[in-house]
Amino acid sequence: MIRKRSYTLGKRAENQAETRRRIVEATVDLHAERGPAHTSITAIAERAGVQRHTVYAHFPTERELGLACSGLALERDPLPDEPAWREIADPDQRLRRGLTEIYAWYARNAELASCVMRDAEIDPLTRDIMQLRIGSRMDAFQATLSRGLRPGRGLNAVLGLALSFHTWRSLVKEGGLSIDAAVAFVLRAVQCAAEKPKRSPRA
């Protein structure tokens, strides 16, 4: 009797875990197609093959569902390994390595990232979750990639622009450049910003 009860409980837990997985996967897919701000619980339930109340039973709030969704997306394709860049002594080589890996990540996640970043401009919850999941990492990326560069005027602004998803999209997806060509272009811009301004010759 005890074994049968344990088996029944175990099977129920497996079913619940499977249902939860389907809900989260459906949410990721819809966010990539429509964006978080345009994805309804009804649409998620239909895509996952469950009822609306089942979605709420697993995720009582939209924030919990959003965190699970973003967590799965980053589990499938984690952000680049920033600590590994710190092992590269040469600032230009470090910057090239970092930008190349970031741009490659953007390329692999273009549809989802585009929808999420678009909706983050109008939806506070999306903006909050994006900042939580990605914002602090981007700050760490910038801090690591700026090490060793001379702090010229506008360096932080130019480096932030170089790291931006919108810059990648403009140069690669819309402009037709390869990732290597785009990295070379923004690398030169960062190097120019890091250079000390030349002094004007004395009259």
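A polar contact here is a pair of N or O atoms within 3.5 Å; within protein, one must be able to donate a hydrogen and the other to accept it. Keep that cut-off in mind for the start of helix H6. Asp90 caps the N-terminal end of H6, with a side-chain oxygen 3.1 Å from the backbone nitrogen of Asp92. One caveat before I go on: this is a predicted model.

Let's stay with H6. The helix has 18 residues. From first C-alpha to last, H6 reaches 26 Å, close to the 26 Å expected at 1.5 Å a residue.

Which residues of H6 are buried? They are Pro91, Arg94, Leu95, Gly98, Leu99, Ile102, Tyr103, Trp105 and Tyr106. Seen down the axis of H6, these buried residues fall within an arc of 155°, so they line one face of the helix. The face turned away from that buried side carries the exposed residues Gln93 and Arg108.

Now the core. The largest nonpolar core has 32 residues. Leu95, Ile102, Tyr103 and Tyr106 have the most contacts inside it. The elements giving two or more residues to this core are H6, H7, H8, H9, H10 and H11. Which of them gives the largest share? That is H11, with seven residues.

Take Ile102 as an example. Leaving out residues up to four places away in sequence, Ile102 touches Pro80, Trp85, Phe141, Leu145 and Leu163.

H4 itself spans residues 62–76 and reaches 21 Å, close to the 21 Å expected at 1.5 Å a residue.

Last topic: aromatics. The structure holds six aromatic pairs. One of them joins Tyr106 and Trp168. This pair is tilted, at 6.2 Å centre to centre and 50° between the planes. Tyr106 lies in H6 and Trp168 in H10, so the pair ties together parts that are 62 residues apart in sequence.

Are these two residues buried or exposed? The cut-off for buried is under 20% relative accessible area. Tyr106 is at 4% relative accessibility, so it counts as buried. Trp168, also at 4%, counts as buried too.

Conventions
Residues numbered from 1 in each chain as written. Predicted model: local features only at pLDDT ≥ 70, side-chain atom pairs only at ≥ 80, totals over all residues. Heavy atoms only, no water. Phe/Tyr/Trp six-rings, centres within 6.5 Å; stacked < 30°, edge-to-face > 60°. Helix = DSSP H or I, 4+ residues; strand = E, 2+ residues; numbered from the N terminus. Buried < 20%, exposed > 50% of the residue type's maximum accessible area, 1.4 Å probe, protein only. Expected span 1.5 Å × (residues − 1). Arc of directions from axis to C-beta. Core = buried A, V, L, I, M, F, W, Y, C linked by side-chain atoms within 4.5 Å. Contact = heavy atoms within 4.5 Å.
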